[in-house]
Amino acid sequence: MPRVLTGITPSGTLHIGNYFGAMRPAIELQAGGDAYYFIADYHSMTAITDAAERRGFTQGIALDWLACGLDPAKAVFWRQSDVPEVCELTWLIGSLTPMGLLERAHSYKDKTAKGISPNFGLFAYPVLMAADILLYDTNVVPVGKDQKQHLEMTRDIAIKFNLTYGETLVVPEEQIREDVAVVPGLDGQKMSKSYGNTIEIFGDEKALRKKIMGIVMDSRTPAEPKPDAEKNLAIQLLRLVAPADVAADYENRLRAGGLGYGDLKKALFEHYWNYFAPYRVKRAELAANPDYVEQVLRDGAVRARVVADKVMARARQACGLR
Ligand code: ADP
Ligand code: TRP
């Protein structure tokens, strides 16, 4: 049974790109029975410096995952910082990680290119992410395309550790879901909280309707046939939230001409809103019961630590720290 692991950084409100690119595939995989999912609060340190905000996002993301179907009876679900050994493994593997490898990381290059003055955390981020994965003998990591390079780095780092100290760490595989590899945002670019083009999973109905109705389209009249209908942003999003035949029907009507963009966006909003309706109910129930949510995370950390302790013992032994 391959062990599946993924993490999500609590640095903002989750959007449907996160849902279709990361959460839904992960939740589907929990049925396999060896799934490890964590809230990457250490990873939020480079993005957030307000303690209350970090706590709030962490709690919010716990609610989001549980509401969207993460089942703590099936998957191990914990807060990264509840197993601080991940920092110890970061040091062990970081000491073998070439500067050149980290300098080539997109995450680092993109931020410095934008003029953000990099700190150690930003530079070392791929090493912490590798430690997240390697600490739990992970076989498969389901992520979006943007994380591909980090998975390659994780593999390089694990292989190097094993060559240096003997077979110790499990070398993981990435799993990128091509059909939802990149969910487009309101402006057609990749949906990302850093581009301000997101549709949140949970949020205020009126504000979300406004966002979706505000999607900018071209100036062709409703009557005009649109041979490029499959590329239309609302169609692409509709395919995610509506049944396949419904989305195909809208696409055909757009292609043939006669479907106005306003009506298309209205349909997109309705399907989006209905898609997440049951999760919205569940989230409200969970939010009323914060002690339960905290207990789920603590129990998860206890279970995660059982694996982490074994891997750390092996790693310390291999490199002569014990
Ligand atoms: P953001 O770009 O909004 O900061 P994150 O980098 O925190 O999102 O991504 C968290 C997870 O969600 C990752 O696994 C990432 O690959 C996935 N993800 C984020 N945005 C998208 C998207 N637009 N399409 C598909 N997957 C995405
Ligand atoms: N860096 C990932 C992101 O921004 C989140 C993450 C942290 C992660 N550690 C991980 C994902 C380990 C998979 C495995 O989306």
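Biologist: How many residue pairs are in polar contact across the interface of domain 1 and domain 2?

Modeller: This is a predicted model, where local features need pLDDT of at least 70, side-chain atom pairs count only at pLDDT 80 or more, and totals for chains, interfaces and linings use all residues. Side-chain values use heavy atoms without hydrogens or water, residues are numbered from 1 along each chain as its sequence is written, and chains are lettered from A and ligands numbered from 1 in the order written. A polar contact here is a pair of N or O atoms within 3.5 Å, one able to donate a hydrogen and the other to accept it, with residues adjacent in sequence counting only if both atoms are side-chain atoms. Across this interface, both at pLDDT 80 or more, the number of such residue pairs is two.

Biologist: Which residues form domain 2?

Modeller: The bounds come from an automatic or database domain assignment. Domain 1 takes 4-182 + 290-318, and domain 2 takes 203-275.

Biologist: Which residues of domain 1 lose the most area to domain 2?

Modeller: The two domains bury about 400 Å² between them (accessible area, 1.4 Å probe, lost on being put together and summed over both), 78% of it on carbon and sulfur atoms. On the side of domain 1, 80% of the buried area comes from Ile16, Tyr19 and Phe20.

Biologist: How many residues of domain 2 are in contact with domain 1?

Modeller: Contact means heavy atoms within 4.5 Å. Domain 1 brings five residues, and the number from domain 2 is five.

Biologist: How far apart do the C-alpha centres of the two domains lie?

Modeller: The centres compared are those of domain 1 and domain 2. They lie apart by 35 Å.
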